[in-house]
Amino acid sequence: MSDATQIISGVIQGSCLGPILFLLYINDLPDIFDEAVTLKIFADDVKLYTNISNVANQANIKEELNKPAGWAADWQLPISYSKCCILDLSNKPMQSSLTLLC
């Protein structure tokens, strides 16, 4: 049995309550996005996707990709920008490229 210690920040890795507390902490994340964007969350990974059929959709997804940065700053959760990426599933090239600005 471990000695008792005071935890002032974070969650102990391997704890039973850790994953549940994290989900409660990020519970409002889906609320910041437009209805056209689909959000998938698994543990601490977030996937955003939408159908881009015109330039207006492109501008919209760029705006949506900026929203997590503000949310993360408000909740003091750092984003690993080096792990961010974009996957374009299309049979024709887009008129302009999307840049991940999360």
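The largest nonpolar core here has six residues: Ile26, Leu29, Phe33, Leu39, Trp71 and Ala72. By nonpolar core I mean a set of buried Ala, Val, Leu, Ile, Met, Phe, Trp, Tyr and Cys residues joined through side-chain atoms within 4.5 Å. Buried is under 20% relative accessible area, exposed is over 50%, and partly exposed is in between, with a 1.4 Å probe and protein chains only.

Some housekeeping. This is a predicted model, in which local features need pLDDT of at least 70 and side-chain atom pairs count only at pLDDT 80 or more, while totals for chains, interfaces and linings use all residues. Residues are numbered from 1 along each chain as its sequence is written, and side-chain values use heavy atoms, with hydrogens and water left out.

Now the overall layout. The protein chain has two helices and two strands, in the order α-β-β-α from the N terminus. Helices (H or I, at least four residues) and strands (E, at least two) are DSSP runs, numbered from the N terminus. Of the 102 residues of the protein chain, 14% count as buried. A contact means heavy atoms within 4.5 Å. Among contacts between residues at least 6 apart in sequence, 45% join residues at least 24 apart.

What does Trp71 touch, not counting residues up to four places away in sequence? The list is Tyr25, Ile26, Asp28, Leu29, Ile32 and Leu77.

A search of the whole structure finds one aromatic pair. The ring centres of Tyr25 and Trp75 are 5.3 Å apart and the planes stand at 70 degrees, so the pair is edge-to-face. Tyr25 lies in helix α1 and Trp75 in helix α2, so the pair ties together parts that are 50 residues apart in sequence. For the cut-offs, rings of Phe, Tyr and Trp (its six-membered ring) pair if their centres lie within 6.5 Å; planes under 30 degrees apart count as stacked, over 60 as edge-to-face and the rest as tilted. Tyr25 is partly exposed at 34% relative accessible area, and Trp75 is partly exposed at 36%.

Next, charges. The structure holds one salt bridge, that is, a side-chain nitrogen of Lys or Arg within 4 Å of a carboxyl oxygen of Asp or Glu. Lys67 and Glu64 form it, at 2.9 Å from N to O. The two are three residues apart in helix α2 (residues 55-75), so about one helical turn separates them. Is Glu64 buried or exposed? Glu64 is buried, at 2% relative accessible area, whereas Lys67 is partly exposed at 31%. Leaving out residues up to four places away in sequence, Glu64 touches Ile32, Phe33, Asp34, Val37 and Leu48. Phe33 is one of the core residues.

Strand β2 (residues 45-49) includes Asp45, which is partly exposed at 40% relative accessibility. Asp45 and Lys83 are 38 residues apart in sequence, and their C-alpha atoms are 10.0 Å apart.

Last, the surface. The protein chain exposes about 8400 Å², of which carbon and sulfur atoms supply 56%; areas come from the Shrake-Rupley method with a 1.4 Å probe, and for residues only the protein chains shown count as cover. Leu17, Ile20, Leu21 and Leu24 make a nonpolar surface patch of about 410 Å². Patches are made of residues with over 30% relative accessible area and no salt bridge, with like charges joined within 9 Å and nonpolar side chains (Val, Leu, Ile, Met, Phe, Trp, Tyr) within 5 Å. Leu17 sits in the segment before α1 (18-25) and is exposed, at 53%.
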